[in-house]
Amino acid sequence: MHWLDQDPASGRRPLDDETDWVRRELVEAGRLGIEVVPVFLDATGRLRASDLPEALSGLERNQYVRLRHRHPADLDEIARAVSGVLTVDEDELRAYLSALAEGLESVEDWMPYATLDEGFVERRVNVHSTLPERRQEPPVGEVGWTNAARELRLGVVLADAGAGKTWLLRRHCLQLCQAGITQLDDGLPVDEVTVPVLVHSHELATAWTSSPGLDAFVTGALSGRTASPRLHAYLAGRLAAGSLNTHVLVDAYDEVFEDRLRDAVDNAFRLFIATMVPDGGPSLLVTSRPAGFLELALPQRADDGEEPVTPTYFELGTLGEAQVRLLWERWYELRGTDVPWQRLAPALTPTSPIRTAVRVPLLAAFAAWVAEDEKLRTNRSGLYRQVVDRFYRLGWKRGSPAPSPVVRQDAALRASYRAAFAELAWHMATSGGIWRDAVPLLECESVLQRSLGTASAPYSRTFEGVRTFGVLIPWGSDEAAPVGWIHRTVHQFVVAEYLLTLPGEQLEELLDTYAWFHPEWAAALDFALGMDSAPAGGVTSVVQQLCSDGEDALGWFAMVMASSAAGSRSTNPETAAADDLIGRLYRAGFLTATHLARVLALTPLADAVKTAELVHASAEEHGYGQEAWDALAWCGAPGLALLRVAVTTWDSAAGAAKALHGVAPGLAVQAMEERIANSLPVDPADRLVVRELGPTVVRALCSAHQADPGDVDAARLLGWTSADEARAALSTTLESANAGHRRSAVAGLAASFGTELDEPGFARLLSSALHDRDRDVRVAARSELVEIGISVPWVSNRLAEYSDELYRDETAPQLDSLASIAARLDFVGPSTDTAIVMLMTEPALITGPVQEALARLTGRALDGDLEPRLLLRVAQLGGRPFRDRASAQLLRKHPLPEVNRRRLAWAVCHAFSEDPGVFTTLARCARRAADPHVGQLLREHGLAAQEKVRVLLTHLLKLQRNDRTAVEIWTDALREALLSLPPVHRAVLREPCASATRHVLKLEPEPAPLPTSPPPSP
């Protein structure tokens, strides 16, 4: 049927159907000014104005081309016509890149930086192939961003507000712009130049809602910009054509709240990702807060069976102490003054309650800004009071943009604005029963006008919040973009100030309704408790009542009360009841010793020695891990003393130097030098401390390596220094005729490069993996590269190109008979995995000798006697029968050895990732074995969060005696599941959680005194 002809079924022409996709695309092209080239088949007559509906009028006048059968030259003419529409000249592309770069360079007025680059500090990230678990605190990154993002195809940067993800995205985009401009300068053809497309998620959602399609990314990116239709068509054409050098960057996925708009963004991502192929096409990078992110909407597997491109997730790490100091030094250098260290340094002391906070980039900048005029207050409430006061005070003195005529330096007027912004903060926290980080522009303006009245034209009250005071920011550049606070913690602080003005009865009702297990309300309460000075009936009294009424599910309010001591101006005696409940919660298992130590360490009246003893006693019982070392770092001088002793004298102290370095870098390096002098082993967890060793120690390590070049541990320790001298020594060893020496050099060089592996380093290790004459050296080099590739995606991608050569097994027989397959199942080696995959693809092969060999291999798997990945394959092949036998094995009276049990539990968890029975088995196994590692699998398992909560609450309610370890493991997973649910669903589960808490606390044994044996001291 011809597009101009009537459809016999409907009696209408597709041309007149407003839902017809061809018509919609043409109408949208006309709206955007995009040129359309009609193509007429064979002898089709030209369009006439009378043929076209009004929405397409004018199309008949467009220059057309004709496509005739058996006339190949017509295709060349069409190509010339289309290329004329879909390309831009060098000057227009340069103008686009330059304008985008100029906009990216701009920074907020209150900062001293002239450009983004001046204020940017290189960031580190943690790289994951699956969505990482939410953390209570931001992580320390392991991989430099530049290396992690190299050759990126599809990525998501996850970090809380203020952590710098938008600055990271802007800096990444800026570098892409600069690369494109350089390529133009070098004469590269326009279509091969690197081109970024930066769009806010709200603008993408709006554009998709108006016109679904790939060009929505371009429409959103160009929203509010002056851009020609030709440029719009060119950028959209690059996306449609799958241009390799086109990079789409989408900021703030979590800042789209309406379901309709969130669906629009998801659909846009789904379409974009469907066009991607593993070895080509444009790239996509998205930023989001973890709290607002679930999973990217991936398309189904393609018809040709090719797997879709999968995302890489980047957890943005906090700044190190050295980076914070560098940021402050640069800040004051640009101000033209000396750094006021006496005002700033207390914020970084080991016992400072804001030590972690100032490692967040925005809060580090806040601290520098405040310290220009006054000493930092060393509690969170005090610091935020200084920040908010400064915004309101200095906002009145800005020269550009000019403030509203009604805004004057008038204390009363300033107070009225502050009250209006407090009303806005409270409205965003409570209206509709949910906490909102942003509201639509019109709603924001309406709330502010209720307090301030209508602003004089052309200003608005929202404009004054954004430009005059700087406390509000628009989430997008279009007029309909939502409005939020400059940082979510500023919003929480302003809500806390509002809480202090409410009467006790209203406070109790509000907190009882909104605050339980709600991180934003917990933060607001923390601020409020730190500022409360009311003798009775204030926030402190109300929270204390919520702690002690028997309804404090999972001890939520008690933990908020106890933790708030970090922000208190003075110690309130009412916290004693909460502290008592905290002790009971700890003894029952609702709190780990390290969590309790973090609370006590921030409490002014807490005994640091007792706190360190508590952590030490718990770790002696359950084993020291990174969490315990980190808790000691919070315990002041006693904790640091124990850390130093562990680093310098204990045989096993993995992670102790790392924890010590986090609060006292110089002391950690000194302790590490003593450890090496004492010939104690150094764990990879402490490798970043080794990197800071002085040249004398490095030379000694080089001498030790040259004396015994076959010592792998010594070579690896030398490599961790990353010194040029170390790499030179290891490179010399790599040329040795001795295979053992070369194996040692491979380990050392891999340790030296680590996650900062560059092209020369990759080439050196790859050459050993491919061409070394000794098989063990080849396998070792391959393993080292694979390990690096887990954290550095470009290395993993590059290894995939050499897969056949890297994994060839000269000794393996051909899998061309049942006997050869059975042999590979009986003698586990590199080909066993291939044999398992073959059986998964062709189950009919499971017969005769293969069936018998598979039964023997399954027996080994059920004993946990295989490496985890192969065990997972066997579990997947075995299906439900394997699941049932493995579940029985995990719960048997005489358990497997610890390592074997963990392997089997891991494989079952991931092979049956949504099976309720498996989750229940893991919960029971974690209790029976008292194994937190199995408990970790409860958080990794893919069962729906609400179902997880139901199962775990059932287990808690079935307890008949105190079992602290089981409660600790289960409630850890329970909290993780609760936080992943929407607030309205969490509220429904409060009473069941309270019931389980009451039941467990009744089982509590008689209180035992805290450990009195002191930890080792230097």
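Thr648 is buried, with a relative accessible area of 5%, where buried means under 20% relative accessible area, exposed over 50% and partly exposed in between (1.4 Å probe, protein chains only). The model is a predicted one: local features need pLDDT of at least 70, side-chain atom pairs count only at pLDDT 80 or more, and totals for chains, interfaces and linings use all residues. Residues are numbered from 1 along each chain as its sequence is written, and side-chain values use heavy atoms, with hydrogens and water left out. Helices (H or I, at least four residues) and strands (E, at least two) are DSSP runs, numbered from the N terminus.

**Thr648 and its surroundings**

- Thr648 belongs to helix H27 (residues 636-649).
- A polar atom of the Thr648 side chain lies 2.8 Å from the backbone oxygen of Arg644 and 3.3 Å from the backbone oxygen of Val645. A polar contact is a pair of N or O atoms within 3.5 Å; within protein, one must be able to donate a hydrogen and the other to accept it, and residues adjacent in sequence count only if both atoms are side-chain atoms.
- Leaving aside residues up to four places away in sequence, Thr648 touches Ala671, Glu674, Arg675, Asn678 and Leu680 (contact means heavy atoms within 4.5 Å).

**Helix H31**

- Helix H31 (residues 695-707) has 13 residues and reaches 18 Å from its first C-alpha to its last, close to the expected 18 Å; the expected span is 1.5 Å times one less than the number of residues.
- Its buried residues are Val697, Val698, Leu701, Cys702 and His705.
- Seen down the axis of H31, these buried residues fall within an arc of 145 degrees, so they line one face of the helix. The arc is that of the directions from the helix axis to the C-beta atoms.
- An α-helix has 3.6 residues a turn, so residues three or four places apart point the same way.
- The buried residues of H31 pack against H29, H32, H33 and helix H34 (739-753), while Thr696, Gln706 and Ala707 are exposed on the other side.

**Loop residues**

- Leu554, in the loop between helix H21 (539-548) and helix H22 (556-563), has a phi near 60 degrees, a positive value in a residue other than glycine. Leu554 is buried, with a relative accessible area of 0%.
- Ser722 also has a positive phi of about 60 degrees although it is not a glycine. Ser722 sits in the loop between helix H32 (712-720) and helix H33 (724-734) and is buried at 19%.
- Ala664 is in the loop between helix H28 (656-663) and helix H29 (665-677), and is buried at 16%. Ala664 and Thr349 are 315 residues apart in sequence and 8.5 Å apart in space, C-alpha to C-alpha.

**Aromatic pairs**

- The whole structure holds 26 aromatic pairs. Rings of Phe, Tyr and Trp (its six-membered ring) pair if their centres lie within 6.5 Å; planes under 30 degrees apart count as stacked, over 60 as edge-to-face and the rest as tilted.
- Trp145 and Phe314 form an edge-to-face pair, 5.1 Å centre to centre with 75 degrees between the planes. This pair links distant parts of the chain, with Trp145 in helix H5 (residues 145-148) and Phe314 in strand S9 (residues 312-316), 169 residues apart.
- Trp145 is buried at 4% relative accessibility, and Phe314 is buried at 0%.
- Trp426 and Trp521 are edge-to-face at 5.8 Å centre to centre and 90 degrees between the planes. Both are buried.
- Trp426, Trp435, Tyr498, Tyr514 and Trp521 form one aromatic cluster.
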